[in-house]
Amino acid sequence: MRFQPIDRAAARLGAAERASVRGGAKSGHEKRTSLLFGDFGDPDALRRLAGGIRQHAVENLDSYLPAAEARMEANGVRVHWAPTAADACAAVLGILRARGATRLVKAKTMLSEEIGLGEFLGRHGIESLETDLGEFIVQLDGDHPSHIIKPILHKNRAQIAASFERHGVGPYDEDPEAITRAARRFLRHKYMAADAGLTGANFVVAESGRVVIVTNEGNSRFCLAATRCHIVLVGIEKIVPRDRDLALLLNLLARSATAQQLTVYTEFVSGPKAAAQPDGPEEMHVVFVDNGRTEVLAGDCREILRCIRCGACLNVCPVYRQAGGHAYRSVYPGPIGAVLSPLLLGEGFAGKADLPKASSLCGACHEVCPVDIPIPDLLLRLRARAGREGVPSPGVPPFGAWSILASRPAAWRAALAAGKLLDHLPAGLLPIPALRAWEGTRTLPRWRGGEFRKWLKRRRRRP
Amino acid sequence: MAEAEAPAAMNPREAILSRVRGALAPLGARAPLPETASQGSPASGDPKAEFASRLRLAGGELLSSPGEIPGRLAAGGWTRGYCDPSLWPALGPVFGRGFVVEREFDQGRLDDYEFGITRAAGAIAETGTIIINDALTSRRLAALAPWVHIAVLRRCDILATLPEAIAALGGDPNVIWCTGPSKTADVEGILIQGVHGPGVQIALVL
């Protein structure tokens, strides 16, 4: 019996880890639902509106990107462009070297994971430190985030306490409050000693050049209060047209991500600090990164570029809850990752073409998406693409025989009649591997094939 | 996509923008920009009362007169802190003995400050949010690093809704909305207050 890669990953997941992932994802989803429906009469209308704004922005990047750039430069921001991951890493290194900077503090950005920035900077003698509590722990452990919003959803307090003790962050203490305090004490001096701060951007506004950054912990703010140079790493798709589009998007982002009315810190940065302000960056750089996004824009799945990285689709996904984030072998896990990760690989699509197949197409991800991305449709389009490109799909049962049966009524009738034999066959002799595996843990129900057809026939005979 | 392939000599900006243009060229009509929802409902009743109740929901606290500050700080056992010098003439007299309040923030002694008192530019009633900008904040660090932050704002600067607050962003290079104390739920989903920023967020509305 061959399995899909994601099935194998799910099977390897330890009991503790599975419990963390399931519990965390489920509670995240339930809190979100109660808040969203408590606050808004018709949240679906808002999702469609937000989706419309983001789709418009994505389809007009050709005018919005230069508009944002012009405003930023007028505001005193230096704008850089990075077609590839390597270009983006080189751009950040170039900015740091020009200032003689060797220590970087980072707020959470998925894009920096995507381009492998931390590792790259390490190889070039720059110490880059994650400051989001979850990302900090991931970095200590040499691990990878397993969730877009909650990077250590797969870890429990004992593992974290052990890791803090091992790395000298603080004595072993499992209390989540003690863990948080230890990180607070450890990291605040790192901010003060750093030469530059790097953040992502949740939104970039074309009309004003504003960069919007949200965090709950305040780590991004600390980067922008303690260091003299601010580097923003942002994907080219994160544009919104107008400042006034932000109220809706911030509302939906906070509710969808963490079930809050508003994230604790929402920072609107349009340039270096004011001259009279003693704290904060004198220099601000924005690095616009493509890294495969223009190829996605050119294809038939460009709706995925609307994504605002809230993680709601992960929390609701039955596959994610079973398999955890690492099973997706990608920076972006869950339903969003099943679409985005293979797409961002461009010519390497085949390497992750199995991900869109690891879905029951139940549609829950589309239902919760704050920007109304039709994720199940996109998964189907990617499955079709994998078929067109002849990508082999191990672990997916061959449907060739089934399609012959299903398209020939006589063959179908014969098969339904022959199915009766299954009732008398010992489990080990079942002809289909998937059924044999199923029988290992369950009893097959009695064969009832053909009964619907009989029922329909009887019904039609009635006057 | 041969036409979008950038020649090696092309600068990175042009490389990306030409690929964007190439990707969008085949689209017929582009998605129109929908009008955003109405500017929210105007505040019902007293914005200060609404702000106070939302602030509490977010885990923050409200004080209504300078005289309440020493009692609140003493209750938490916080005696050393910083106060924006421009607020000192109004607030200084309320501090008795037992408090050490500096009007200069020495970032080399970050951990010596248990509280920071700074000006805020305003607040948002709908969400219980304090608005801080570069123009009115004496030090970004003083509003962030101490365990307790007291933001001083005028009642007339409380805005009703998020859309109003967006419209009021203005030209300040750095505006930050703070909604309650610094928070995390990274460890097993358990809510902990006071990660990098204040664990106690107080608004003093004058």
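**Close-up 1. R309(A), a partly exposed residue with 19 other C-beta atoms within 10 Å.** Here "partly exposed" sits between buried (20 or more other C-beta atoms within 10 Å of the residue's own) and exposed (12 or fewer), with C-beta atoms placed from the backbone. R309(A) isn't a glycine, yet its phi is positive, near 55°. Look for R309(A) in the loop between α13 and α14 (312-316) of chain A; helices are DSSP runs of H or I with at least four residues, strands are runs of E with at least two, and both are numbered from the N terminus.

A quick note on the model: it is predicted, so local features need pLDDT of at least 70 and side-chain atom pairs count only at pLDDT 80 or more, while totals for chains, interfaces and linings use all residues. Residues are numbered from 1 along each chain as its sequence is written, and chains are lettered from A and ligands numbered from 1 in the order in which they are written.

**Close-up 2. N291(A), a non-glycine residue with a positive phi of about 45°.** This one lies in the loop between β10 (283-289) and α13 (293-298) of chain A. N291(A) counts as buried because 20 other C-beta atoms fall within 10 Å.

**Close-up 3. Helices α3 (residues 43-59) and α12 (residues 246-258) of chain A, crossing at roughly 120°.** Their axes come within 10 Å; axes are lines fitted to C-alpha atoms, for helices over the stretch in contact, and angles run from 0 to 180 degrees between N-to-C directions. The two helices are therefore oblique to each other, the label left over once under 35 degrees is called roughly parallel, over 145 roughly antiparallel and 65 to 115 roughly perpendicular. On the α3(A) side, L46(A), L49(A) and A50(A) meet L248(A), L249(A) and L252(A) of α12(A), where contact is C-beta atoms, placed from the backbone, within 7 Å. The contact divides into six nonpolar, no polar and no charged residues. Nonpolar covers Ala, Val, Leu, Ile, Met, Phe, Trp, Tyr, Cys and Pro, charged covers Asp, Glu, Lys and Arg, and the others, Gly among them, are polar.

**Close-up 4. The interface, with 73 residues of chain A in contact with 59 residues of chain B.** Helix α10 (residues 176-193) of chain A gives the most to chain A's side, with eight residues. By class, that side has 35 nonpolar, 21 polar and 17 charged residues.

**Close-up 5. Strand β9 (residues 265-269) of chain A paired with strand β9 (residues 174-178) of chain B.** The pairing is antiparallel over five bridges; DSSP has to find at least two bridges for strands to pair. E267(A) has I176(B) as its bridge partner in β9(B).

Notes. Two residues are in contact if their C-beta atoms, placed from the backbone, lie within 7 Å.
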